[in-house]
Structures are given as structure tokens and as C-alpha cells.
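Here's a quick briefing to read alongside the model. Have the sequence and the structure open as you go.

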Amino acid sequence: MPRVVVDVMLKPEILDPQGQAILGALTRLGYTGVNAVRQGKRFELDVDGSVDEARVAEIAETLLANPVIEEFSIQPG
């Protein structure tokens, strides 16, 4: 059964408070050299061979991502 991975991230212009919290924690723990963190979501879908990328994009736009503030990418998993 083929697997498709959908990664969902906030659009670059949208503030990412979770990413900022992670960056703050890294700094407090003494990790240096990290200048920014963006947090996202990863979905792995096991699909029938008949499900194409356009159908997966429809699923992502409808359920997995909020297209107003998030963007997504699809790749084979």
C-alpha cells in the first residue's frame, strides 16, 4: 500500500508562537546557533494506488490544513 506524506506549516508571514517557545527553550538549555524555529504537522496517509496527488491535495485543503494561515506539501512516504 503506497504512503503519502503531507507536511503542513504556517505560512511564513504568520506568527508561530510554538516555534518561538521552542527557540526560547533551546536558548535557556544552552543550545546555540539556532536562529529560528517553525513548528508544523506531519500526516502519513496509506492510500490505494488509485488515489492521486490531486485527491490528496483536496484532502489536505479540506481537513488537514487551514489554507488561510497554513500551506502544505505532498511527497511520497
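**Around I74**

Setting aside neighbours within four places in sequence, I74 touches V4, V5, V6, E53, V56 and A57, where contact means heavy atoms within 4.5 Å. Keep in mind that this is a predicted model: local features need pLDDT of at least 70, side-chain atom pairs count only at pLDDT 80 or more, and totals for chains, interfaces and linings use all residues. Residues are numbered from 1 along each chain as its sequence is written, and side-chain values use heavy atoms, with hydrogens and water left out.

**The core**
- I74 also belongs to the largest nonpolar core, 11 residues in all, together with V4, V6, V8, L45, V47, V56, A57, A60, L64 and A65.
- A nonpolar core here is a set of buried Ala, Val, Leu, Ile, Met, Phe, Trp, Tyr and Cys residues joined through side-chain atoms within 4.5 Å.
- Buried means under 20% relative accessible area, exposed over 50%, and partly exposed in between (1.4 Å probe, protein chains only).
- The top contributor is α2, with 4 residues.

**The sheet**
- Three strands form an open sheet in the order β2-β1-β3, with antiparallel pairing.
- That leaves β2 and β3 as the edge strands, each pairing on one side only.
- From one strand to the next, the twist averages 20 degrees.
- Strands count as paired if DSSP finds at least two bridges between them.
- β1 is joined to β2 (residues 40–46) by 7 bridges, and to β3 (residues 70–76) over 7 bridges.
- V6 has F43 as its bridge partner in β2 and stands opposite I74 in β3.
- V8 sits opposite K41 in β2.

**Helix on sheet**
- α2 lies across β1, β2 and β3, running at about 145 degrees to β3.
- Axes are lines fitted to C-alpha atoms, for helices over the stretch in contact, and angles run from 0 to 180 degrees between N-to-C directions.

**The whole chain**
- The chain has 2 helices and 3 strands, in the pattern β-α-β-α-β along the sequence.
- Helices (H or I, at least four residues) and strands (E, at least two) are DSSP runs, numbered from the N terminus.
- The C-alpha trace spans about 50 × 25 × 15 Å along its principal axes.
- Of the 77 residues, 22% count as buried.
- Among contacts between residues at least 6 apart in sequence, 70% join residues at least 24 apart.
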